[in-house]
Amino acid sequence: MSEERKLAYVMAFNEAVSQAMEADPDVFCAGEDIGAFGGVFGTFGGLQAKFGTDRVVDTPISEQAIVGLGVGAAATGLRPIVDLMFMDFICVAMDQIVNQAAKLKYMFGGEATLPLTITTAGGGGLSAAAQHSQSLEAILCHIPGLKVVYPSTPYDMKGLMMACIQEDNPTVMVKHKRLLGMSGHVPVEPYSIPLGTANVVRPGRDVTIVAYGRMVHESVAAAEKLAADGIECEIIDPRTLQPLDTDTIVASARRTNRVLVVHEAVRFGGLGAEIAAQIQEAAFDHLDAPVGRIGAPFSPVPFSPALEQHYIPSSAAIEAGVREAMFRNKVGA
Amino acid sequence: MNISPEVQFDLHRRMVRIRLFEEAAGRLAEAAKLPGFLHLYVGEEAVAAGVCAALNDDDHITSTHRGHGHLVAKGGDLNRMMAELMGKSTGYCKGKGGSMHISDLSLGMLGANGIVGAGSPIAVGAAFANRYRKKGQVAVAFFGDGATNIGAFHEAANMACALHLPIVFACENNEYGEFTPRDQTMAITDIVDRAAGYGMPGVIVDGMDAIAVHEATLEAVERARAGGGPSLIEAKTYRFYNHHGVQNLGLKYRSDDEVARWKERDPIFTLEDRMIENKVATRQQFDDIWADWRAAIDRAIQFAEESPLPTPDQVLVDVYTTGGAR
Ligand SMILES: Cc1ncc(C[n+]2csc(CCOP(=O)(O)OP(=O)(O)O)c2C)c(N)n1
Ligand SMILES: [Mg+2]
């Protein structure tokens, strides 16, 4: 049965695209090396063989034109999936993403509809250095008109990618490079997970950890260690970063009275700041400790593994963050 | 033009140095001793050597993701290069940049680059500063065929021509961008056709022939220094290994036959044959050159291996010149 079927994160992405293309002839893909080669991470593997070169298009190295192609085709009735190989390369296409895709509907008085999905690969941990390892999701979340999705499991990947393709707004789907090979339960049949719904990864009474992408797994590892000391963490994965499921996060904060937000991006100006602000606005009286934030130090991603391993937040750092939140209770009590 | 025997030996030595450095890097990567991505320059040595031999130490170059060859040809220190590839604190970038960001500003090498096409606008800036200071320096932008499809290249080429700057655009056309053949991503065959659109002269040279590349560069550099503005050189060349790493991993984007045909035109061996034929050099001389540089590469590997890793406190160093947020 389909409950038993396991699939890698990367193949869950692939399957969502494939099923969406089967269901809707208006869906097509474009990007660098995605056709014959199947994408440098294998994300589009086999799709050109299946759907042909008209629907799975190898583009020149032209990020602005790749996103522009998606904007124009979406505005005129197609449902494009355009790929930017590394998240760092969104910077090359920033005008098309920020000034065009995100704003067309609004600027045209609601007339334009942009069912556009931009897919990309974010995150570090491969010694890929400062221009191939970034976590730039906060920049995207700051832009009204864009939706931003960041799955942490194969199951969420398929359901969220399907939702992105069906969505009538421009969305950015971020895959984490270190999760590509992760295997997990993925139903065979098509399904979608509504954008803007968080997932409670692990219930717990003592402290809430809000984490997304690879940091969900680091948080689970930390939670398992803390459980041995009797500290029960509730882990919430927002899955969609814009729109953010604030209700689920706040409800948890009211119950546990302590929150730690974790992300791989630099701490300063990251999603953690927004989430912490929303929690204190909505649940100030319920908090027994300041909302903690774990993120990368304020520097570009270093190349050397000797530096990068200290740069990317670890389960040990998360564990320490939780203990700090708990310690305040003991001091105050 | 008549290229002297000394210059021929110079071109040869630069190419041998690149070849041996890259082969060693490839071996280390296969032994999992190099972290990160590795884009090898093997096969394209004649371009970096031919161009850089026409430059002075204080001329500038911008490079690409395939950048080791450019730095070696510009006179880069092999020890510091190898240490950088290993992520050591003695490396050119103190372990923070790695292969894709290797640089030596004292040699005018403004960095390999992880962003395709990003080097050309920076070369325009260096050319602008060079003319501003009136010291007669020039700038060279190295880039691939694939990079000419990106906006940054077009903006740089146009601005350089509009401002009539002392710059040479050196295209390494190896017929592929990653795993996609060039003819699928542009409707022209020769990159040089783009030059006319910006109003600069362009030439095609055999990128497997260091002497031909060198002659074309001398002419372009002379024009730039004399105030004659930008030029474009398209060197037809080929990478012998995979886009990154060594092995082709069974990938079928290039036929074995095509790879073999280009390897027959190995830029180093064809130059050696020619120099021997012209009685400019003997086999023994070449054997000695290879042996000398092999020893230098071995020393570089040893230096890199014995060098310390950067300490964690270095993460926040050099984000800003002074001060900054945490
Ligand atoms: C802006 C940007 N887009 C895509 C990439 C991924 N990428 C790295 S190298 C490369 C191919 C470059 O081709 P070319 O310019 O011909 O240089 P070559 O690798 O052949 O030397 C691509 C697409 C990148 N690094 N930067
Ligand atoms: Mg190329």
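This is a predicted model: local features need pLDDT of at least 70, side-chain atom pairs count only at pLDDT 80 or more; totals for chains, interfaces and linings use all residues.

1. The site is shared between chains, because residues of both chain A and chain B surround ligand 1.

2. In the side chain of Asp145(B), an N or O atom is 2.8 Å from an oxygen atom of ligand 1. For Tyr176(B) it is a backbone N or O atom that lies 2.8 Å from an oxygen atom of the ligand. The side chain of Glu178(B) has an N or O atom 3.1 Å from a nitrogen atom of ligand 1. Taken alone, the ligand exposes 570 Å², of which the protein buries 98%.

3. The two chains also meet each other directly. Contact involves 34 residues of chain A and 37 residues of chain B. Between them the chains bury about 2,800 Å², and 71% of this area is on carbon and sulfur atoms. Ile61(A), Phe298(A) and Phe303(A) provide 24% of the area that chain A buries against chain B, more than any other three residues.

4. Which kinds of polar pairing occur between chain A and chain B? There are 8 residue pairs in polar contact, both residues being at pLDDT 80 or more, while the count of salt bridges between these chains is 0. Helix H11 (residues 305–311) of chain A gives the largest share of the side of chain A that touches chain B, namely 5 residues. That side of chain A divides into 23 nonpolar, 8 polar and 3 charged residues.

5. Over all chains, the salt bridges come to 29. One of them joins the side chains of Lys236(B) and Asp190(B), with an N to O distance of 2.5 Å. Lys236(B) belongs to strand E7 (residues 231–236) of chain B, whereas Asp190(B) is in the loop between strand E5 (180–181) and helix H7 (193–198) of that chain, so the pair ties together parts that are 46 residues apart in sequence. Side chains of opposite charge can pair when their charged atoms come close.

6. Two backbone features of chain A deserve a check against the display. Most residues other than glycine have a negative phi, and most peptide bonds are trans. The peptide bond from Gln242(A) to Pro243(A), however, is cis, with omega near 0 degrees; Pro243(A) is in the loop between strand E12 (240–242) and helix H9 (246–256) of chain A. Ala129(A), although not a glycine, has a positive phi of about 70 degrees. Ala129(A) is located in the loop between strand E5 (117–122) and helix H6 (137–141) of chain A.

Conventions: Residues are numbered from 1 along each chain as its sequence is written. Chains are lettered from A and ligands numbered from 1 in the order in which they are written. Side-chain values use heavy atoms; hydrogens and water are left out. A residue is near a molecule or strand if one of its heavy atoms lies within 4 Å of it. A polar contact is a pair of N or O atoms within 3.5 Å; within protein, one must be able to donate a hydrogen and the other to accept it, and residues adjacent in sequence count only if both atoms are side-chain atoms. Accessible areas come from the Shrake-Rupley method with a 1.4 Å probe; for residues, only the protein chains shown count as cover. Contact means heavy atoms within 4.5 Å. Buried area is the accessible area (1.4 Å probe) that two parts lose on being put together, summed over both. A salt bridge is a side-chain nitrogen of Lys or Arg within 4 Å of a carboxyl oxygen of Asp or Glu. Helices (H or I, at least four residues) and strands (E, at least two) are DSSP runs, numbered from the N terminus. Ala, Val, Leu, Ile, Met, Phe, Trp, Tyr, Cys and Pro count as nonpolar, Asp, Glu, Lys and Arg as charged, and the others, Gly among them, as polar.
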